[in-house]
Amino acid sequence: MTKEKKVPYLVGVDVGFGGLKYMSNAKPEPHVIPSGVVSGTPASRPLLSSSEINIQELVVKTEEGTYFVGDNALGMPVEENVNVRTEKRNRANDEKSRVLFHTGIGLSLPDKSGTYEVTIVTGLPNTDYDMKIKEDLESFLSKDFTVEFYLDSKNSIKKDVKVKSVVVLRQPEGTVTYNQFRFDEESFLAPSEHRAEYLGVIDFGHVSTDYALFRNGVVLEDDTKNKSTIGVTEVYKRLRRSIELKFADMGYMFHPSDQDLDYAIQTGNIKYRNTDFDVSDEIQAVIADRAKPIADSITTAWGNESNRLQLIIATGGGAHVYAKEVGKNFEKENIQGFIIMENSQFTNLLGFYMYGVLELSDELGQEKVLEEYVSPVKEMQPHVARQ
């Protein structure tokens, strides 16, 4: 009797400067952790061990070394001039980015030691895609690797990863794939109810905001229309200064960390000495100020095309910060069809996964792909696949 060949795991991973997003057919629910990396040691783990990986207390070992990752990194005391998050663009040549990629891929696989074959789909911002950065990232991700997750100072889960294939897309391509199509049990791929022939995508990220034009799901190869501008980092820089001045006026010397600012953006408050201080006015003022140059950059680049588009999709991990304010700027210019994508934080990731499914269908056939890759996601994400 012939033994059936085991299919590879399909991993979608989106390493942003603000958050690391990941999912797979083994872990079909999209997850996000902060893109924080700090050198660490497994001895710092709590005394109480667990048989499972705790994503709030990650201590990860890769070929780069041992690190605190995610929330665990953001919670660590560091020197004022030490960046917990990286802003380096060439992810393949950046220590922290390499750790994040291998962590995200590893977290996407079953939580037990073993050897796993994977197909990886990820993306890059527009400004990076057409540079050597894409080639470097493909080369880095194509190499087999080992990632180890410590459960305590002595026990760990070690995953040996064999890379079958790698696809690197433009990040907005993920959103368009997710918006244009749905998996279907009968026809495999069906048009989405939100499908548009001619649309624009604005992907709000931590360091940059990418925007691009698409016809029938394919990006227009026009460098004058597909560009990048400022991201959420600009809000953080100005908000940090604004909060420092606010507290100085109250007689306090307070330098908020990225973790403090994450909390402020999410809640409208800044926590100091276990007390919440309302900074919603400061946040709104900074966002309004920074949203205008983003809208101006896009409307200038797209020109009259803005009025021909059937749909303009706002997405990305920074959409909750910028999208509404940028939408107001579009309204003032009488530009119609602007929507904020549902699950905006994960639309690129979901699109990466869908693209991977399409790639694997050529090799494995639609029936096998529906069983192995679509059905698990359908249970968790009914909007991605339908009966």
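In which sense do strands β16 and β17 pair, and over how many bridges? In this predicted model, where local features need pLDDT of at least 70, side-chain atom pairs count only at pLDDT 80 or more, and totals for chains, interfaces and linings use all residues, residues are numbered from 1 along each chain as its sequence is written. Side-chain values use heavy atoms, with hydrogens and water left out.

Strand β16 (residues 269-272) and strand β17 (residues 275-278) pair in the antiparallel sense over four bridges, where strands are DSSP runs of E with at least two residues and helices are runs of H or I with at least four, numbered from the N terminus, and pairing requires at least two DSSP bridges. Asparagine 269 stands opposite aspartate 278 of β17. The two strands form a hairpin with two residues between them, and arginine 273 in the turn has a positive phi of about 55°.

Arginine 240 belongs to helix α6 (residues 232-249) and is partly exposed, with a relative accessible area of 23%. Leaving aside neighbours within four places in sequence, arginine 240 is in contact (heavy atoms within 4.5 Å) with Pro256, Ser257, Asp258 and Leu261. Arginine 240 and proline 256 are 16 residues apart in sequence, yet their C-alpha atoms are 6.3 Å apart in space, and a polar atom of the arginine 240 side chain lies 2.9 Å from the backbone oxygen of proline 256.

Methods:
Buried means under 20% relative accessible area, exposed over 50%, partly exposed in between (1.4 Å probe, protein chains only). A polar contact is a pair of N or O atoms within 3.5 Å; within protein, one must be able to donate a hydrogen and the other to accept it, and residues adjacent in sequence count only if both atoms are side-chain atoms.
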